[in-house]
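Here's a quick briefing to read with the model open beside you. Keep the sequence handy and look up each spot as you go.

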Amino acid sequence: MGTFSIEGGKPLKGSITPQGAKNEALQVLCPVLLTSEKVRVTNIPDIIDVNKLITLLGNLGVKIQKNGPGDFTFQADEVNVDYLKTEAFKKEGGSLRGSIMIVGPLLARFGCGYIPKPGGDKIGRRRLDTHFEGFINLGAKFRYEREDHFYGVEIDGRLQGTYMLLDEASVTGTANIVMAAVLAEGTTTIYNAACEPYLQQLCKMLNSMGANIKGIGSNMLIIEGVESLGGCEHRILPDMIEIGSWIGLAAMTRSEITIKNVSWDNLGQIPNVFRKLGITLERKGDDIFIPAHKEGYQIKTDIDGSILTIADAPWPGFTPDLLSIVLVVATQAKGEVLIHQKMFESRLFFVDKLIDMGAKIILCDPHRAIVIGHNFQSQLKATNMSSPDIRAGISLLIAALTAKGTSTIQNIEQIDRGYERIDERLRAIGASIVRV
């Protein structure tokens with residue numbers, strides 16, 4: 001396991017360009033399985049989770065050509081469906097949460113899709129019911145091998161379009177069902193569909209391949225099934241979670257940083273939430289400029305003067321992936337804030353490490369924490385810690401960059417799963433960070 005050694009307390013300065021969006025990449029790489037024609041995808045982030053999915057596609061028989069950094073062409077004209085039944089696939093697919101999204105395309109085109117229980121962050125229960133209920137609604141037969149935790153769906157002939165009301169607005173569940181429905185016979189209506197920018201990007205990509213999807217950006221998608229899909233070219237959006245991470249990093253280290261080419265129109269509530277923490281953001285073209293907060297930043301209260309609550313919600317609400325960042329940034333704000341993590345019951349369990357560093361945090365229950373900011377009157381203390389998941393890992397890294405002394409973060413593979421060459425990019429703006 002790798003380790004970061006971080007000397008904190010140094011202000012940073014410069015510009016940083018966000019990587020391609022991890023969550024979009026895990027979705028838009030899967031439609032390559034829907035066609036025998038070439039599909040070119042650019043701005044793919046070079047991170048562990050995405051690279052695992054590319055390897056998985058290759059093992060399925062997809063031809064992969066690397067055109068340059070983050071630029072790949074895929075052709076699934078000789079897919080080996082039998083690979084899905086091998087022990088190698090059970091091990092490989094089980095190590096990656098995003099592997100679940102190959103099931104929809106495989107089911108639609110080849111009549112079967114299998115997946116071991118997916119891995120990923122240990123942030124709480126992450127159910128798969130929405131995915132498989134959607135496939136069943138389209139006519140597939142479901143099977144589950146309890147001993148191996150192995151899931152499967154199969155159908156003879158084509159899937160059949162239908163109306164369905166999703167039990168939750170699952171992003172990956174919606175994506176999987178959409179990818180299955182584009183080749184179904186007839187009309188599929190998905191109500192309570194997720195509508196995150198990543199899902200919108202997926203639908204636009206599928207339409208460019210010849211699909212007929214209406215209602216993109218809303219919570220009702222209407223899909224007219226087509227006989228087949230063709231190739232396309234698609235560019236992935238900048239990663240809005242990384243953009244939020246850089247905003248938090250700039251504010252907490254009181255650094256002057258410009259975040260380049262952020263696709264402002266796809267950031268939703270992110271700028272507003274950081275402004276509620278008192279952080280100054282300036283829009284310069286499609287860039288974000290964060291000035292050095294030499295005098296700190298003050299958390300706003302609600303209009304009646306009560307304590308501010310920041311909670312996650314489905315899009316266009318605030319993304320749960322940034323609550324860990326908001327929490328750590330609040331530890332040096334002036335004022336108090338209640339962080340309410342509604343979706344995952346284990347995602348706040350890294351706060352004990354921040355408390356060890358001197359942060360004032362009350363963990364009310366698995367979903368809620370009250371943060372009482374230091375207003376930079378007391379510097380966090382360096383410590384040794386381990387990264388439990390991607391977003392907690394980057395939050396601990398931000399804390400370490402502001403702390404007095406040298407901190408170490410172990411299990412940094414968790415951070416590498418979501419952030420491309422983060423140590424190199426931080427050193428380029430003045431951070432003292434070494435990969436051991």
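This is a predicted model: local features need pLDDT of at least 70, side-chain atom pairs count only at pLDDT 80 or more; totals for chains, interfaces and linings use all residues.

Residues are numbered from 1 along each chain as its sequence is written, and side-chain values use heavy atoms, leaving out hydrogens and water.

- Two packed helices are described by the angle between their axes and the distance between the axes.
- Helices here are DSSP runs of H or I with at least four residues, strands are runs of E with at least two, and both are numbered from the N terminus.
- On the H8 side, Ile241, Ser245, Gly248, Leu249 and Met252 meet Arg391, Ile394, Ile398, Ala399, Leu401 and Thr402 of H12.
- Sorted by class, that contact has 7 nonpolar, 3 polar and 1 charged residues; nonpolar covers Ala, Val, Leu, Ile, Met, Phe, Trp, Tyr, Cys and Pro, charged covers Asp, Glu, Lys and Arg, and the others, Gly among them, are polar.

**Leu397 in H12**

- Leu397 also belongs to helix H12, and at 1% relative accessibility it counts as buried (buried is under 20% relative accessible area, exposed over 50%, partly exposed in between, with a 1.4 Å probe and protein chains only).
- Setting aside neighbours within four places in sequence, Leu397 is in contact with Ile6, Ile409, Ile422, Leu426 and Ile433, where contact means heavy atoms within 4.5 Å.
- From Leu397 to Ile415 it's 18 residues in sequence and 9.2 Å in space, C-alpha to C-alpha.

**A four-stranded sheet**

- An open sheet of 4 strands runs in the order S2-S14-S16-S15, with mixed pairing; two strands pair if DSSP finds at least two bridges between them.
- Strands S2 (13-16) and S15 (282-284) sit at the edges with a single partner strand each, so one side of each has no neighbour in the sheet.
- Neighbouring strands of this sheet are turned by 20 degrees against each other on average, direction ignored.
- S2 and S14 (residues 256-259) run parallel and are joined by 4 bridges, and Lys13 stands opposite Glu256 in S14.

**Around H5**

- Thr130, His131, Phe132, Gly134 and Phe135 are buried in helix H5 (residues 129-137).
- Their cover includes helices H4 (103-110) and H6 (171-181), along with strands such as S6 (112-116) and S7 (141-145).
- Just after H5, Gly139 has a positive phi of about 110 degrees.

- Trp315 and Pro316 are joined by a cis peptide bond, with omega about 10 degrees; Pro316 is in the loop between strand S17 (308-311) and helix H10 (323-330).
- Asn411, which isn't a glycine, has a positive phi near 60 degrees, in the loop between strand S22 (406-410) and helix H13 (413-416).
- Arg421 isn't a glycine either, and its phi is positive at about 45 degrees.
- Arg421 lies in the loop between H13 and helix H14 (422-427), and is partly exposed at 40% relative accessible area.

Methods. Axes are lines fitted to C-alpha atoms, for helices over the stretch in contact, and angles run from 0 to 180 degrees between N-to-C directions.
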